[in-house]
Amino acid sequence: DAATGEFVRDAGRHGTGLGEFWRPNGIAVLDDIVWIVERDNRRLQLLTLPDFRPLGAFGDDVLELPYGLTVFGEAGRYDVYITDNYEGPNDEVPADAELGRRVHHFRVHVDGARASAEHVRAFGETSGPGVLRKVESIAADPANDRLLVAEELEGESTIKVYDLAGRFTGRTFDTAFFPNEAEGITLYACGTDGGYWIATDQ
């Protein structure tokens with residue numbers, strides 16, 4: 001309970017079916033839907049609130065090692081961006097030329113008790129300062145056509161700014177702010193045209 005901190009209940013169990021989870025990681029709430037990325041089920045699962053009834057799951061045909069998500073939209077039509085920290089055969093960061101699928105964009109339609117999804121694109125720079133080598137957290141600012149992605153690779157950790165079409169804008173945050181790993185990102189909006197980005201260093 002948000003007002004008292006009292007435990008209300010839990011939901012779900014380990015498994016691969018709807019309403020079950022295997023290493024859940026990213027989570028978001030928008031409207032009356034909870035959005036949960038499951039790393040080891042390689043998918044995003046949607047459940048209704050407050051009853052946690054499954055609406056569907058998607059992404060397991062394209063995601064490999066998903067972690068973070070950001071979602072926006074309204075009236076049953078949503079855009080979802082999910083980071084995918086897929087690795088090489090020995091769990092290493094792949095070569096830059098292989099990093100063009102670090103972020104996946106889906107369009108989701110929720111109609112009553114069902115959710116359907118369309119995979120729009122996967123993207124990520126494969127050379128230069130926009131390459132995403134180790135990803136997890138991601139946050140969108142649709143009003144300003146911005147997508148902030150945390151680059152967690154130690155020694156190069158920063159936040160890189162893409163647009164919603166998946167193009168690197170050329171902007172990064174100063175690496176001095178993230179001596180270890182850029183981690184959480186959230187937007188504190190102030191009215192319609194102002195605000196602050198708040199980020200954590202792990």
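Residues are numbered from 1 along each chain as its sequence is written, and side-chain values use heavy atoms, with hydrogens and water left out. In this predicted model, local features need pLDDT of at least 70 and side-chain atom pairs count only at pLDDT 80 or more, while totals for chains, interfaces and linings use all residues.

Student: In the open sheet of four strands, what is the strand order?

Tutor: Strands are DSSP runs of E with at least two residues, numbered from the N terminus, and two strands pair if DSSP finds at least two bridges between them. Strand 3 (24-30) and strand 6 (54-58) each pair on one side only, which makes them the edge strands. The pairing is antiparallel, and the order is 3-4-5-6.

Student: Why is strand 8 described as largely enclosed by the rest of the structure?

Tutor: Buried means under 20% relative accessible area, exposed over 50%, and partly exposed in between (1.4 Å probe, protein chains only). Strand 8 pairs antiparallel with strand 7 (residues 66-74) over seven bridges, and seven bridges also join strand 8 to strand 9 (residues 103-111). Strand 8 (residues 77-84) is largely enclosed because, of its eight residues, the number buried is seven.

Student: In the hairpin of strand 7 and strand 8, which residue in the turn has a positive phi?

Tutor: Two residues lie between strand 7 and strand 8. The phi in question is about 55°, and the residue is Ala75.

Student: How many residues apart in sequence are the parts tied together by Glu156 and Arg133?

Tutor: A salt bridge is a side-chain nitrogen of Lys or Arg within 4 Å of a carboxyl oxygen of Asp or Glu; Glu156 and Arg133 meet in one at 2.9 Å, N to O. Glu156 lies in the loop between strand 12 (146-151) and strand 13 (158-162), and Arg133 in the loop between strand 10 (114-123) and strand 11 (135-141), so the separation of the parts is 23 residues.
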